[in-house]
Amino acid sequence: MKNLILIFSLIAGLSACSSQTVPSDSKATPETVNLYRNLLKLQEQGMMFGHQDDLAYGIGWVYEESRSDIKDVVGDYPAVYGWELGHLELGHDYSLDSVHFDRIQGWIETVYERGGVNTISWHLRNPLTGGSSWDTSSKEVVKSILPEGEKHELYKTYLDKMAEFLNGLKTDDGTFIPVIFRPFHEHTGSWFWWGKDLCTVEEYTALWRFTVDYFQNEKGIHHVLYAYSTDRFTSTKEYLERYPGDDIVDLLGFDLYDRGLDYLSTMKKCAEILTTLANEKGKIAAITEAGGPIAQNHEWWTGVLETLRPFGMSYFLVWRNPHQPAGHGAFAPYKGSLDSENFTEFYNDPKTLFQKEITRINIYK
Ligand code: BMA
């Protein structure tokens, strides 16, 4: 159990939070406004730990009630939970990672009731070719789904399905559950059909603006914070090249996977640029996806912790622990994993925040 004094100081800090800061959506629900304000304040005090699909499956298990690989290791859940909605747009019952959407809705509610944070990613299919998100065979895809484009109506059906899912995120008393939505991510790379070599700056930003406008003004969705998240970058200019605007973005993030020796130095540089920018703009800052060779490097977690310690970062989310043997390796610890001890050190450090701390703080109030 972590230090109670830390928790009290976090609560005191949050109640002193400025009432002036508001999310980009002027019609955001009260719980969404509170989430935004509290995350802004909280990032000055600690960094939440996040894990993709944490409650759905882990190494050696699928759909076990209340189970989490993180809980198996440290006795506590993450504070942030990532969920993937790829294939929702096709009307399927389950995602490209074989997770049922109705279950995801249930977990999002469970997390909300615990006072945790939910974030949604979307590896949506390529609407022009019918291929996957990774189908980069055409440079016309983004253009084709903008207004006037040949696949615009099809894209709207994708958004309709997403809107239905988002509107289904409600508690029993009808309160909408706020989520952080992170569309068209890693666009500074060119491995998705919305990547930088596959569309112009104007097309990319128009896609963002159309999407947010459609959700807010056609579908009346006001319980979403929007996250802009690049891959690695080297300057503010590069980071902002395709930024769709302060008026529709609430969180500035980046994804960074460990691809070798420069990992921590790259993370430091990106974190420096990102947190400076987020501070100037009054936005939330986060590392929205990460992962590394934790099976080989048993000091990976404390390396990340010391690198990020100086920065006001809201959260650090690691990607999934795939249950299918064909997937990539685990990005989070699991029962018996060799990095467990190092992760426990990461967990015990006052800088990191997990579910127990977040529950006491109540970020939705
Ligand atoms: C990728 C991998 C894939 C997965 C996709 C969407 O990074 O984990 O296996 O399908 O994310 O979650």
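Predicted model: local features only at pLDDT ≥ 70, side-chain atom pairs only at ≥ 80, totals over all residues.

Colleague: What is the phi of S66, and is the residue buried, partly exposed or exposed?

Modeller: S66 is not a glycine, yet its phi is positive, at about 70°. Most residues other than glycine have a negative phi. With a relative accessible area of 40%, S66 falls between the 20% and 50% cut-offs, so the residue is partly exposed.

Colleague: Which loop holds S98, and what phi does S98 take?

Modeller: S98 is placed in the loop between strand 4 and helix 4. Its relative accessible area of 32% makes S98 partly exposed. S98 is not a glycine either, and its phi is positive, at about 65°.

Colleague: How far does helix 4 reach from its first C-alpha to its last?

Modeller: Helix 4 covers residues 101-114, which is 14 residues. At 1.5 Å a residue, 20 Å is expected. The reach in the model is close to that value, at 20 Å.

Colleague: Which residues of helix 4 are buried, and how wide an arc do they cover around the axis?

Modeller: The buried residues of helix 4 are F101, I104, W107, I108, V111, Y112 and R114. They lie on the same side of helix 4, because the arc they cover around the axis is only 160°.

Colleague: What do those buried residues pack against, and which exposed residues lie on the face turned away from them?

Modeller: The buried residues of helix 4 pack against several elements, among them helix 2 (30-42), strand 5 (117-121), helix 6 (152-167) and helix 12 (355-361). Strand 4 (80-84) and strand 6 (179-182) are also among their partners. The face of helix 4 turned away from the buried side carries the exposed residues D102 and E113.

Colleague: Where is E109, and with which residues is it in contact beyond its neighbours within four places in sequence?

Modeller: E109 belongs to helix 4, and its relative accessibility of 22% makes E109 partly exposed. Although E109 and K170 are 61 residues apart along the chain, their C-alpha atoms are separated by 7.4 Å. Leaving aside neighbours within four places in sequence, E109 is in contact with K170, T171, D172 and I177.

Colleague: Is Q216 buried or exposed, and which residues does it contact beyond its neighbours within four places in sequence?

Modeller: Q216 is part of helix 7 (residues 201-218). Its relative accessible area is 13%, which is under the 20% cut-off, so Q216 is buried. With neighbours within four places in sequence left aside, Q216 is in contact with D25, I221, H222 and Y226.

Colleague: What do the buried residues of helix 9 pack against?

Modeller: The 19 residues of helix 9 should span 27 Å at 1.5 Å a residue, and the 26 Å between its end C-alpha atoms agrees. Its buried residues include Y263, M267, C270, I273, L274 and L277. They pack against helix 8 (236-240), strand 8 (251-257), strand 9, helix 10 and strand 10 (315-318).

Colleague: How are helix 9 and helix 10 oriented to each other, and which residues meet?

Modeller: The axes of helix 9 (residues 263-281) and helix 10 (residues 300-308) are 9 Å apart, at an angle of about 30°. Angles under 35 degrees count as roughly parallel, and the two helices are therefore roughly parallel to each other. Helix 9 passes helix 10 in a right-handed crossing. On the helix 9 side Y263, L264, M267, K268 and A271 take part, and they meet W300, G303, V304, T307 and L308 in helix 10.

Colleague: Finally, where does P293 lie, and what does it contact beyond its neighbours within four places in sequence?

Modeller: P293 lies in the loop between strand 9 (284-291) and helix 10, and at 28% relative accessibility P293 is partly exposed. P293 and A332 are 39 residues apart in sequence, with 9.8 Å between their C-alpha atoms. Leaving aside neighbours within four places in sequence, P293 is in contact with D258 and W300.

Key:
Residues numbered from 1 in each chain as written. Heavy atoms only, no water. Expected span 1.5 Å × (residues − 1). Buried < 20%, exposed > 50% of the residue type's maximum accessible area, 1.4 Å probe, protein only. Arc of directions from axis to C-beta. Contact = heavy atoms within 4.5 Å. Axes fitted to C-alpha atoms, helices over the stretch in contact; angles between N-to-C directions. Parallel < 35°, antiparallel > 145°, perpendicular 65-115°, else oblique. Left-handed = near helix turned anticlockwise from the far one by under 90°.
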